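Please find below a note on the secondary structure and packing of the model under review.

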Amino acid sequence: ARPAHAGVRAFARAVRQERPTTRLSCVDSNSSAALLAPAAALQLPSGEDEASLWRGGAAVPRLCRLALPSPTEWAVRSAQLVSGGSGGLGLLTARWLIAAGA
């Protein structure tokens with residue numbers, strides 16, 4: 001996905017939320033030929049509203065869990081700025097940084 005297209009994708013997501021009966025798909029591709037093809041010919045994965053067609057394959061946006069690095073892999077070596085440090089997660093992060101020696 002291209003960062004410059006983020007606004008279009010956000011608009012499409014808002015339309016889908018507010019008007020669930022409206023079918024609106026976003027397709028990102030490195031080929032102008034794909035943009036001229038009918039939507040059915042693009043072969044989006046079943047039920048997907050967004051896809052990126054690159055190098056002959058389709059990718060869809062997904063969130064997945066990643067393993068967090070152990071605390072020893074990220075050492076505090078300098079001053080840190082915590083934005084929103086008086087709120088829930090920011091306050092916990094600030095306390096962790098102080099305990100780690102920041």
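The points below treat the basis of the model, the sheet, its strand pairs and the helices.

1. This is a predicted model, in which local features need pLDDT of at least 70 and side-chain atom pairs count only at pLDDT 80 or more, while totals for chains, interfaces and linings use all residues. Residues are numbered from 1 along each chain as its sequence is written, and side-chain values use heavy atoms, with hydrogens and water left out.

2. An open sheet of 3 strands has the order E1-E2-E3 with mixed pairing. Strands E1 (26-29) and E3 (57-59) each have a single partner strand and stand at the edges, so one side of each lacks a neighbour in the sheet. The twist averages 25° from one strand to the next. Strands are DSSP runs of E with at least two residues, helices runs of H or I with at least four, numbered from the N terminus; two strands pair if DSSP finds at least two bridges between them.

3. E1 pairs with E2 (residues 50-54) in the parallel sense over 4 bridges. Cys-26 stands opposite Glu-50, and Asp-28 opposite Ser-52.

4. E2 and E3 pair in the antiparallel sense over 3 bridges, with Leu-53 opposite Ala-58. Their hairpin has 2 residues between the strands, and Arg-55 there takes a positive phi near 50°.

5. Of the 5 residues of E2, 4 are buried, so this strand is largely enclosed by the rest of the structure. Buried means under 20% relative accessible area (1.4 Å probe, protein chains only).

6. Helix H3 (residues 88-99) has 12 residues and reaches 17 Å from its first C-alpha to its last, close to the expected 16 Å (1.5 Å times one less than the number of residues). Just after H3, Gly-101 takes a positive phi of about 105°.

Key:
Axes are lines fitted to C-alpha atoms, for helices over the stretch in contact, and angles run from 0 to 180 degrees between N-to-C directions. Buried means under 20% relative accessible area, exposed over 50%, partly exposed in between (1.4 Å probe, protein chains only).
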